[in-house]
Amino acid sequence: MDTKELIINVESLTGKNRSKSSRTTFLCLGILDMTKDDQNKSAIKLDDNGWKIDKYRCSKCYLCKLKSKYIALDKDNFPYVTDREVNEKYEISFEDQIHFESCLADYDEKSGISKWIYSIFRLFDINETYTECAISKEYIPKEILKKLGRFRADGIYGKSSIPDVEGKINEFVFVFENKKFSTANDNWIIDAVKQIILYASSEIYQKRKNNITFIFCYNGSYNIRGRVVKIIKENPELKILYEVFDKKPNYSFSLIPSSEFFNLIKDSIKNNKKDKQKIIDLILSKKENFPLK
Amino acid sequence: MTCWLERGESRFLDLITTSVHGLVHDNRRRVVPNKYNLFVSGSQVHALFKNIHPTILESQIKNFANLAQGRYIREFAYVLLALNFCEDTHASHISKRNIKKISDFKQLDYTEYIQSSKSIYLANKSAYDFCKLDFATDAWANFLASKMLTYGYFCRYLDIIELLQRKNYEYLKENTVYITQLKNLLGPFDHRVKGSGPDFIQETFKSWAFLLGIIDLDTGGKLSNYTKKDRLDYLKKHTGYISGGKQEYAILRNLKKSKIKIKLHPEEEIRMISFMRLVNLEGWRRQYNSALYSALRRLRILYFLNYNYKKEIKIGELYKDEKLKSIISHFKGDFSILWDLIHLECGGLKFQTIDDNKKYSSLTEFILEKIIKVKGSSFLEDLKGVETKSIYFEAAWPLFKKINTKNLRIMPLRKFDINNFNKYCPQGEWIEWIQKN
């Protein structure tokens, strides 16, 4: 097995010019680099004896299984490394999904859900995918920044707005805002809607002719449409979302919980096949009509 | 060339060491590396990282090099220049600019020297000598420390420690120095993003100073008991960011204040910040004429004072200087001589200041005293606050215009390395004239 087999190159678009930069890291969620710390946290290990997977660190994200032909699953569906190509098909259980979702809830957004979505896109061969895609505030109308409380007079040094993942395939562009689900407060939903307004109103996407879907993705399995509707009602500034989308017939909006993407992985492992069309179908099937009801 | 260092990553002494190894390794193969290649070569050839799996090491290096759009590794290239391990052969082309008269300066001729994107690096003898030394040995530490004690900006750091110790004792009856006071007083004070460089460089300078035995810290805790051997052992165990994560040099991370004993002192001759760095780089980009005006004024003052090393002169004599006058009459802009002198002090020079027979160790101290006179000794307490702006400079600026400088006397206590400086300074008849006494 190649010494780069279980490593992924995480590409991002940085700075005003959105120049490409990249980092390599093990596929495991929860890490973004290769420092000692990251190596300790990762289930995937590499040393002079080759690859190993420490099942006690494994979240069952199955990214390793999606990437490598040399990964089999044991009786508990934990992945392990073999020295032969594996063609077996596996049935991922509900328990496996619970294990994964609880781990995903534990990771921070960047190394958790965002890395996971990015990796799924890449491993399903949607190669024009980037994480942390900067949008300089210069590209966002000032009045929208002001209405959303994101305007700073010394704005040139203000932090960019950063879509978590952006993937392009054929005529579609998919822009993700990923959040950790919480029952404790609504801030994560308010923030996500604000972010999507900022992305959608920026020159970066306003100028594009593609079909652009902005996706609010969160960990869990429930549809949160009702909760989003309530929050938009309570926070009138969020209604800009409708105004921005109204003017752009090529824009759409989807709400997708992580369980839907996990189902794609389950399906892929069961059939030993990765089909990027299924990702497109999933996202388009979750399109919402505005105003949300 | 000598630059302002401004990022905390430059604290990692192992990465500095590996970078020098990379530079020498590449030069031996007749390759003159850029900042990326020297860092990569160094990390691969130097034994510090030999226990790391090659694939992981490759990833670590690549990731490190990409952080903050390459600013981390740029900082290491700047360290090698600041500590005089190499020449920047691209930046040295500036010395081919032949200035016969002041109007020969053209903006386009200088834009390529603002950044280091085209820079490539040639090791000097000291880099080869340094590579013969084992990491974290006494000889290695002494070698590095001697380099640091001639780097002007680091000398400024030690000067400010010494100054704050005296002032805190005099006004607050305290023996301790606060890191926040240091960052508020260090300078340079012309950063566009205030509180940036001088803030971040604290990590670097305190790590260098403590771990190489240039200062002792009397915190009353564990750090007080670290012998030089303990510090070097610590360095051996903590080989830097790329293998160890952000917690490296953690013993110093929470240090907020300490009694500090300076054990090794700056040399009399220092490496002064290079010509292009006499002005904020943003200034060259956005306000070229004003930047050039400041750089030329400071260039003249630099040489004028170097000729007057250890001689007491009136600041009024500077105003009478024909060469400075010719620069001023060409640009016709407003300026403050005190601000120029303070900027040069930030670069490592030190001007003993005499006012009404009262002596101050530096102009920075003199201005600080003036501020205390206006704001009271509580200003030293204010300096302890975490500010996003430079409160020293903000308090000093209105005073620059009020202080009568005519009879104020200064005595330069340090010289600068002219050869090193001139390698990165435009040349030609006019510059020679400016540089002559």
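**Note on the predicted model: helix pair, sheet and domains of chain B**

1. The axes of helix 14 (residues 288-307) and helix 17 (residues 337-346) of chain B come within 10 Å and cross at roughly 70°, where axes are lines fitted to C-alpha atoms, for helices over the stretch in contact, and angles run from 0 to 180 degrees between N-to-C directions. Helix 14 of chain B is therefore roughly perpendicular to helix 17 of chain B (65 to 115 degrees counts as roughly perpendicular). Helices (H or I, at least four residues) and strands (E, at least two) are DSSP runs, numbered from the N terminus.

2. This is a predicted model, in which local features need pLDDT of at least 70 and side-chain atom pairs count only at pLDDT 80 or more, while totals for chains, interfaces and linings use all residues. Residues are numbered from 1 along each chain as its sequence is written, and chains are lettered from A and ligands numbered from 1 in the order in which they are written.

3. In the helix pair, Arg297(B), Arg298(B), Ile301(B) and Leu302(B) of helix 14 meet Asp340(B), Leu341(B), His343(B) and Leu344(B) of helix 17, a contact requiring C-beta atoms, placed from the backbone, to lie within 7 Å. By class, this contact has 4 nonpolar, 1 polar and 3 charged residues (Ala, Val, Leu, Ile, Met, Phe, Trp, Tyr, Cys and Pro count as nonpolar, Asp, Glu, Lys and Arg as charged, and the others, Gly among them, as polar).

4. Chain B also holds an open sheet of 3 strands in the order 3-5-4, with antiparallel pairing, and its edge strands, strand 3 (177-178) and strand 4 (215-218), each pair on one side only; two strands pair if DSSP finds at least two bridges between them. Strand 3 and strand 5 (residues 257-262) of chain B are joined over 2 bridges, with Val177(B) opposite Ser258(B) and Tyr178(B) opposite Lys257(B). Strand 4 of chain B is joined to strand 5 of chain B by 4 bridges, and Leu217(B) stands opposite Ile260(B).

5. Chain B is divided into domain 1 (148-262) and domain 2 (273-435), with bounds that come from an automatic or database domain assignment. The C-alpha centres of these domains of chain B lie 25 Å apart, and their contact takes 23 residues from domain 1 and 28 residues from domain 2. On the side of domain 1 of chain B that touches domain 2, helix 7 and helix 8 (179-186) each supply at least two residues, and the largest share, 10 residues, comes from helix 7. The residues of that side of domain 1 divide into 9 nonpolar, 8 polar and 6 charged.

Key. Angles under 35 degrees count as roughly parallel, over 145 as roughly antiparallel, 65 to 115 as roughly perpendicular and the rest as oblique. Two residues are in contact if their C-beta atoms, placed from the backbone, lie within 7 Å.
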